[in-house]
Structures are given as structure tokens and as C-alpha cells.
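Reader: Please take me through the structure shown below. I would like each term given with its cut-offs.

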Amino acid sequence: LEPSKPTAASSGFWPAAVLVVLVLGIGLFQHDVAADTDAPTDQAIRVSEVCLDCHEGYDTSLALNPHHLDPDALDGPDARVTCTNCHTGKPEHYEDDPEANPMTKPSDLGVSEEGAVCSQCHLTDHQQNMMEDNAHAHADVNCSGCHKIHDTHDVGLLQKPQYELCLGCHSEVRGAFAQPFRHPVSDGVMVCSECHLTLDKVRTELSKNGTNVICAPCHNEFVGPYPFEHQATLDYSAQEGGCLSCHDPHGSAYTRMLKQPYEPPNFQLCTQCHSIPPGHNQNSHHGSQWAGIACNECHSDIHGSYTSRKLLSESLEAEGCFSAGCHPPGR
Amino acid sequence: MRKTTTAIFIATLTILAATPVWAGVWEGTIGLGGIVLDEVGNKATVQETYNIFDGFSVDQIKFSGEPVDGNYFKLDLHEINLDSRRGDFLYRRPGLIRLTASYDQYRMVFDPERAVTSKRKDWNLGAQVTPVDWLRVSGFYNNVQRTGQRLSFPHGTESSLGDTYDYTLNIGGMGAEARRNGRGVAVDYRASDLADDANYRADRTGQVVSARLFGRGYFYDKVTHLLRGAYGVHKLANQDLDYTLKTFQYTGTVQPVRRIQFKYNFDAQSVDSQTTGFVTDRFINLVDATFYHENGSLGGGYSYEINDDDHNLTHYNSWRGEATFRNKTFGAVVNYADRIKVDEEERTLLQDIEASRFRADAEVKPIAGLVVGGGFNTRDREYPDINVEAKGDLVRGRAGYTYTGWGGVSGDYSYTQDRYTDLVGSFNVNTHIVTGRVDLDRIPNLHLSGGVTYVRVLEDLDVEKSILFFEGKYTVRNDLHLAAKYNIYNYDDYVLLDRYYTGNVVWFSVAYDLHGK
């Protein structure tokens, strides 16, 4: 491979990025655009005590969960959460005619409107990820599509246990978890967010693809660096790659959750990228389909190798074909 | 194993002994039972049976409540049997602190006789403290231990992974976030360490530091900004080889009126790998617009991406569009996306790539309790320069009906057609998957349920798998419950004839509820 000249983008990017951060950072904290007049304001009315006069028992439904109403500070400056932080409306609701002046129910709002309500307090990676490229936001799934506020104590305040919640919409994945080889999600050993919401955690220094970072906490033994890498495993590579090049993470009919079979009579997996190199296919005992020998019987360190640039098994690399077991010397 | 079991019981007894002195309210359940397992065939074929052990089991030990005024705790230990168990713990003082812990232990099976297995133990600890409204401090620790044997794949091959597992992976981190008036800053640090006693060369370490700076919240203001960046080093410990990864992201949104949002995202990353010798820079510019209406949304976007490692220069053009609609009885989602890679110098192995996907889903709720839905997905990934293509279509339908006081019935069917055209040949499979479930609550104190999962894989493979279950729970008294469950597992591979399995499993348990004040 001939090295090409460095691009202007790559040579001076990082100093420029630091400068952008500093400039925008300063501007960010000086910027003070007035809030949209339709947006929920900081709630001039903090009237939890008034609300509970009619909506009896709703404080109990929040007891001991993160949105609990502190009985010693239902309203007032010490109240961390009040009813009107989430349910907005006009004072006429409780002063005059409640039905003619309804309060909002956040779960009935669209993703934009409910996002505005929740983001008054919640601005972690999870919420901010919604600003970037989030499939749920694109599909207009609002916060209450997954979370509930009343009558729950569990971590994450989810509507249902994760498996049922996620597969309620993603029903095609329910089928994938019935496949012969799969991640043990339907067994309760794993939950969906162990892989999917990892993208919330920018602390994992994601590459844009990010799949290898997601797989690494459980399958660290396969993740690099290796002295000799297989570029198909590197999700940051210009060659394209990552664990999903070969594996189907939800479930597969093939062992090791491979995307294509790697057993007789079909050794298909490698041939999605590689043709049979010259020299292999002129030897009737090697090759792919007709020889019955899988590529990784020789190229066995397929995730990466400590000794071989060709990812050959260590004995093959060290001793050569005629001493490594397949071909006794002299034959 | 015995130590862990003993520790669980000692912890449980300690909690039971301590309960009388708690000032608050608590409740709990203790369930004991057994499992009868009868199986024949290849015991590696049905993953669902890997952690079922014949004999006595502790079904559940669960406590939750308010030991001290304003505090909540929950301890849930379940599925404790010969060699697998799970547990979760939560303590929360709302607005101040949250502590979590979980433990999972299970095994993986590699051979038909279940003689070659590996065991995995996974501890997770987490803490989050909010000492004042504007500051949140958090930390976590994850310990994974894996021991036992594995079979190489294909069987009999030699690789550096060996045939033994004996490693410990520790991952920990901490972070802090300060926020005031919707603006804030956050920093995080994370470290990992893999120590492999079976293969010292695999020892790895990783360290990442990241920061986040944001101004006003999502949808909260007319203009919002988010800056994120991270720097990490991953190292092969014994060979002094590493790669570093730097990322920087900026997202800005403009929302001139509440229903319209424009978004710009800039994403840059650089990976410097000592092993490949490449510095790979990737830059992405993305623009996006969404219109939100009362019953849904309409949106689309475009991104341009450059990927440059000084040897290969590629760029990508991606388009995306979607529409959603929902009201009280009907919901629908349609989306389309494509991504076209152009290999400028035609040096990469795969060269140009054209990928696209389309998805349409609809759901109707015509009467109370009834939900009927269905959808269609198609995805296509083509490598025109090397004549390789992967194409998949999926059709699915689902229906569910719940009648209060009686129970419910639900079913789901999907059909997938996968077509692979490789450099050497082609590979095609069609898969039918049916799941169904019936729940009956009509008889007082008795809950009955049953269901099926059926998988049929055809064409170049010929596999049939099914799981049938029947379950009953009877409440003898308000605090005493009996439960029994019968599962039938079946697996047949009609090409690889040694892969067949039939398993009959019966679970039974007695659960007693406890209350305290």
C-alpha cells in the first residue's frame, strides 16, 4: 500500500477542535435566549397541596420513588418536585372549572413536548443522546413510551421489565431470540440496554460505529489490540469492520451466532469478503467449498493473532505445513 | 459455589433476623421448590436448558420496603439452584442517594454431553449521590470472572484462545455532573483490566476520560448546544502495544417554533493504532429537520462522512426519512435510510458499498383490549465492485386480546428471507417463527397460562425448534402460593443429524409472603 499524503483535515483538526470547544464553551454559558413562550416555564404555580385535595392518593403513587412529593415541603422553595413540574396548565384548573381548563398529561404529549417537560431536570447522556441520532426520537416515541412516573420503585422507572417492554414494539427481535444460538435475553440473563443504551455512555469513548465498545465488557478476550489485527474486527477501520461483520447479535441459526454458516457443507462466512486466494484453490485439499476444510482450521486466530500476520495457528506459523499436524513430513 | 450459596443464605437469615427491629414497613416472599429434568439428545443444542439443574432450588427470596422513614430498599434473589443464581439489590433515598448491586452466575455449554462447560460470574455495583440539586456524583464497578473449558471452533482446531477459560475482568469508573439553569458540565473516568491466567498474553488495560458541556436542555430552548469529547487508551499489557481513540462531538439544535426542529451534528474521531500502524480519522457532518404535528412527526436528514487512514480514503453519503402517525386507535411508522460508500482510491478490500433499509409498521386498537399489528422490513447491502450482496426481508404480524377478569391471548408470527451472494457461492435461508401465549385468570386464586415458541429454518438449512410451556399458580391463602410449570423443549436439525434434543422440565415451588411493620 502506498501512503497517500495527509489530508488537511487530519493534520490540523485537533488543535482546531480544542479552539472550537473553548469558543463555544464560553459562548454556551453566556448565551441566554429567552425560552419559547409555549415551553413549560419554571412553574409559577407550585400547588401540590391543592392538587392532592382532588387527586387523592397520587402522592402515595410517588412515594419512595425519585419523583416523590416531600410531605414536609409539598410546595415552597424546598420542594424538589411538585405536580406542576410535569403537569402544566392554568390556575383556572383549580380556581374555576377543571374540565374546561385541563392540565397536561405528559405521556399524551409528543416526543418534542414531553422532552421539554422531562429535560427541565433530566439532562444526562441518556437525554442528550436524544439530540444526536436516536431512533426512538425519530419514531416519535416519547419518554413515557418506556418510562412511567407513578406506581413504580424500580431502577429506571420502566413501564415493564425490559424484555417485555422493548419487544412490545420490536416484535421481530422476539423471533431472533428464539433462534438456536442467541444472546440469553429471553432467559433474563441479559437485558436489552446492556448493548443498546451503552451508546448513552460517552465515557466509553465511542467510535461512531461503537459496536466493539459495546461487546467488549462481556467479550473482552476477543477485543484488541492484537499485535496482528484482523481488520474485519476493527469498527473504526476505513476497511469497515467490527464484531457485526461476522456475528448476528440477537440470534442466529448458526453456532457462535455467525451471520452465515461455517460448517460443512457451507464454509460461507469468510467468502462474504474474501475470495479463495490463488494457490489455495489449485490444491484440491484446501479451499472452501469442495475441500471440506474451513479457512480457520489454518487461520485459526481469526479475531487477531499474537504471532502471525496471516492469523495462522501458532504451530502452523512456527513449524510450517509439513510439521504442524495435517501433513506429516515426507508426504 | 458452596461458599456463594452459604453467603446468600446467611445474608437472607441476617435480613430476616433484622426485620423485627426495623422501624418501617416491609414485605417479602420466600419461595422454595424443585426441578425435575428429563432429557435426551445433544445437550448443547437448546440454550434455554443450559442453566436448568435437576433437584432442589430456591425460587425466590425477595424483600422490599421502607426500613427507615423516607428510604426504599429491595433485595431480590432468584433462580438459585445447583450452579446458577441471580440477585438484585436497590437502596434509594429519593433525591439524595441510590445504591444498586446485582449478581449473575450461569454457565455456557459446548458439547453434547455437557461435560465441557464454562462458568461466568458477574458482579455489578453502582452508586449515585445528589448532595445538592445541581451536583450529581456517580460511580460503578463491574467484576466478571469466567472459568472452565471451551471447545475450539471448528472442533479440533488450535487457536491462541486455547481450550480453557480463567480470566477476570474489572471495569470501574466514576463521574460528576454539575448543572444549573439547564446548563452544565460533566466529566467521567473509566478504567478496565483483563487478567487472563490461562493466557497471559491476552492481558489488557483500558482507560478513558470524557467530558460533556451542554447549554440548555433538549427541546427546552430555541437554540441548544452540546459538546462532548473523550480520550482513551487501550493497551495490550505485556507487549506494550496500544491504540488511542479521541472523539469530539458537537450537536446544535434550532427550534424556531415548537413544532419544527433543525439539527446539526459534527462528529470527529481519531484512532491511532500501533499495531496496524494507521491513524484513522473520521469526520461526519449531519443535518436533520423534523416537523412535529399533533399526531406524529415527519423528518429527514443527510450526512456526509469522510474516513481517512492515510492509506485509504473513503466517503459516505447517507439519507434518512421517516413519518409517524398515532392517535388513540391507530399508530404507524414508516422509515427509510440509505448509506453509500465511495472508495476514492479503490484500495479497500470491499471497495464501494451501497446499503439501504425500509421499514413500515402499523398497529390498530379497534376495541378495548385488542391490539393488532404488523409490519415489513427490507434491507439490502451490496458490494458492486466485488459482486457480493446480502439481502433480507421480514414480514411480521401480531395480535393480542386482554379481557379484564378473564385473562388474555397473544400471538406473533414472523417470516424472514435472507439471501447472501458471496464471492464463492450463495446461501439462502427462510425462517418462520411463531410465538403465542394464553393467560387465564377467571378462576379465583388461580392463574393458568400456556404458550408456544416455534422456529422453522428452511432452504439451505433445515432446523426445527419448539418450546411449549404450561404454568399454574394457586394462592392457597393470602400469604401462601403454590406454583408449577411444565416445559417441553424440542430441537431437530435434519441436515446435521446428531443435533437433536428433547427435554421435559417440571418446576414446582411453594412461596410464603412475609409482612412487617
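**Cavities, surface and salt bridges**

Reader: How do the residues of the lining of the largest cavity divide by class?
Author: Ala, Val, Leu, Ile, Met, Phe, Trp, Tyr, Cys and Pro count as nonpolar, Asp, Glu, Lys and Arg as charged, and the others, Gly among them, as polar. A cavity is a set of points on a 1 Å grid over the protein atoms alone where a 1.4 Å probe fits but cannot get out, and lining residues have an atom within 4 Å of a point. Under these rules the lining of the largest cavity has 7 nonpolar, 3 polar and 3 charged residues.

Reader: What kind of model is this, and what pLDDT do side-chain atom pairs need?
Author: Residues are numbered from 1 along each chain as its sequence is written, chains are lettered from A and ligands numbered from 1 in the order in which they are written, and side-chain values use heavy atoms, with hydrogens and water left out. This is a predicted model, in which totals for chains, interfaces and linings use all residues, local features need pLDDT of at least 70, and side-chain atom pairs count only at pLDDT 80 or more.

Reader: What is the volume of the largest cavity?
Author: Rolling a probe the size of a water molecule over the atoms shows where empty space is left. Grid points are joined across faces, edges and corners, and a volume is the space filled by probe spheres set on the points. With a threshold of 30 Å³ or more, the count is 5 cavities. The largest cavity comes to about 120 Å³.

Reader: Which element gives the largest share of the lining of the largest cavity?
Author: The lining has 13 residues, and the closest to the centre are A:Glu221, B:Leu161, B:Thr164, B:Asp196 and B:Asn199. Helices (H or I, at least four residues) and strands (E, at least two) are DSSP runs numbered from the N terminus. The largest share, 3 residues spanning part of 164-180, is from chain B, strand E8.

Reader: Which element gives the most to the lining of the second largest cavity?
Author: That cavity holds about 80 Å³ of space. Of its 10 lining residues, A:Ala137, A:His138, B:Gln261, B:Thr290 and B:Tyr292 are the closest to its centre. Two or more residues each come from helix H8 (135-138) of chain A and from strands E13 (260-273) and E14 (279-293) of chain B. The most, 3 residues, come from E14(B).

Reader: How many of the 8 residues of helix H6 of chain A are buried?
Author: Buried means under 20% relative accessible area, exposed over 50%, and partly exposed in between (1.4 Å probe, protein chains only). The buried residues of H6(A) are A:Val111, A:Ser112, A:Glu114, A:Gly115, A:Ala116 and A:Val117. Helix H6 (residues 111-118) is mostly covered, and the buried count is 6.

Reader: What accessible area does the nonpolar patch on the surface have together?
Author: Patches are made of residues with over 30% relative accessible area and no salt bridge, with like charges joined within 9 Å and nonpolar side chains (Val, Leu, Ile, Met, Phe, Trp, Tyr) within 5 Å. Areas come from the Shrake-Rupley method with a 1.4 Å probe, and for residues only the protein chains shown count as cover. One of the members, B:Val438, is in strand E22 of chain B and is partly exposed at 44% relative accessibility. The patch, which includes B:Tyr401, B:Trp406 and B:Val438, has about 790 Å².

Reader: Which residue forms a salt bridge with B:Arg212?
Author: A salt bridge is a side-chain nitrogen of Lys or Arg within 4 Å of a carboxyl oxygen of Asp or Glu. Strand E10 (residues 204-215) and strand E8 of chain B hold the two partners, so the pair ties together parts that are 35 residues apart in sequence. The closest N and O atoms are 2.9 Å apart, and the partner is B:Glu177.

Reader: Is B:Arg398, the partner of B:Glu363 in a salt bridge, buried or exposed?
Author: The N to O distance of this salt bridge is 2.8 Å. B:Glu363 lies in strand E18 (residues 353-364) and B:Arg398 in strand E20, both of chain B, so the pair ties together parts that are 35 residues apart in sequence. B:Glu363 is partly exposed at 24%. With a relative accessible area of 15%, B:Arg398 is buried.

Reader: How many salt bridges are there over all chains?
Author: Another pair is B:Asp462 and B:Arg456, at 2.7 Å from N to O. Shared partners also join A:Glu240, B:Arg282, B:Glu305, B:Arg339 and B:Arg381 into one network. Over all chains the salt bridges number 30.

Note on methods
On a 1 Å grid over the protein atoms alone, a cavity is a set of points where a 1.4 Å probe fits but cannot get out, and a pocket is an open set with protein on both sides within 12 Å along at least five of seven lines; lining residues have an atom within 4 Å of a point.
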